[in-house]
Amino acid sequence: MTAPVASVLFVCVHNAGRSQMAAGFLSHLAGDRIEVRSAGSLPAEQVNPAAVEAMKEVGIDISGQSPKVLTPEAVQASDFVITMGCGDACPIFSGKKYLDWALDDPAGKGVEAVRPIRDEIKARVQALITEIDIRQES
């Protein structure tokens, strides 16, 4: 078994919707090649049911996940830190690649409203995988 080529941390406020969907897509699309983490600055009690349903529609089960609190250690251990509306809550460490993905918050929305957010996250995750692969080749 080879070590992951990169480590990615997805961060949003509640770690219940956007970051969970992003982590689900990255794990599904990259497998063990990329280490995946997600966390929130104020974690919710559970993953957003509409996000779980939207992901289930595309064959990815995130129902077993639970929101996790953001720690400096998780940031320190990651090569890429992708924030999604968490503001200044994310600690900054040198040597990390920080990206901010401006995405609508799915909190309180039904699955119909979550689908476009899910699809935008998938496109961004696919672009991230491409960026990681290009970095590995150079």
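Val11 stands opposite Thr83 in strand E3. The two strands involved, E1 and E3, pair in the parallel sense over five bridges. Two strands count as paired if DSSP finds at least two bridges between them. Helices (H or I, at least four residues) and strands (E, at least two) are DSSP runs, numbered from the N terminus. The model is predicted; local features need pLDDT of at least 70, side-chain atom pairs count only at pLDDT 80 or more, and totals for chains, interfaces and linings use all residues. Residues are numbered from 1 along each chain as its sequence is written, and side-chain values use heavy atoms, with hydrogens and water left out.

E1 and E3 belong to an open sheet of four strands, in the order E2-E1-E3-E4, with parallel pairing. The edge strands are E2 and E4 (97-100), and each pairs on one side only. From one strand to the next, the twist averages 20°. Axes are lines fitted to C-alpha atoms, for helices over the stretch in contact, and angles run from 0 to 180 degrees between N-to-C directions. Strands of a sheet pair through backbone hydrogen bonds, either parallel or antiparallel.

Strand E1 (residues 6-12) also pairs with E2, in the parallel sense and over seven bridges. Ala6 stands opposite Ile34 in E2. Further along, Phe10 stands opposite Ser38 in E2. On the other flank of the sheet order, E3 and E4 run parallel and are joined by four bridges. Here Ile82 has Leu99 of E4 as its bridge partner.

Buried means under 20% relative accessible area, exposed over 50%, and partly exposed in between (1.4 Å probe, protein chains only). E1 is largely enclosed by the rest of the structure, because seven of its seven residues are buried. In a regular strand the side chains alternate between the two faces of the sheet. Ala6, Val8, Phe10 and Cys12 point one way from E1, whereas Ser7, Leu9 and Val11 point the other way. All of these residues are buried. E3 is mostly covered, with five of its five residues buried. Both of its faces are covered: Phe80, Ile82 and Met84 lie on one side, Val81 and Thr83 on the other.

Helix H1 lies across E1, E2 and E3 (80-84). The helix runs at about 170° to E2. Contact means heavy atoms within 4.5 Å.

The elements that give two or more residues to the lining are H1 (18-30) and E2 (34-40). H1 gives the most, with five residues. By class, the lining has four nonpolar, six polar and three charged residues. Ala, Val, Leu, Ile, Met, Phe, Trp, Tyr, Cys and Pro count as nonpolar, Asp, Glu, Lys and Arg as charged, and the others, Gly among them, as polar.

Asn15 sits in the loop between E1 and H1. Asn15 has a positive phi of about 50° although it is not a glycine. Asn15 counts as buried, because its relative accessibility is 0%. Gly85 is placed in the loop between E3 and E4. Gly85 touches Val13, Arg18, Asp100 and Trp101, not counting residues up to four places away in sequence. Gly85 and Gly17 are 68 residues apart in sequence and 12 Å apart in space, C-alpha to C-alpha.

Gly108 lies in the loop between E4 and helix H4 (111-137). Gly108 counts as exposed, because its relative accessibility is 85%. The C-alpha atoms of Gly108 and Asp32 are separated by 32 Å, and the two residues are 76 residues apart along the chain.

Glu57 is part of helix H2 (residues 49-57). Glu57 is partly exposed, with a relative accessible area of 37%. Glu57 touches Val111, Arg115 and Arg118, not counting residues up to four places away in sequence. Glu57 and Arg115 are 58 residues apart in sequence and 9.2 Å apart in space, C-alpha to C-alpha.
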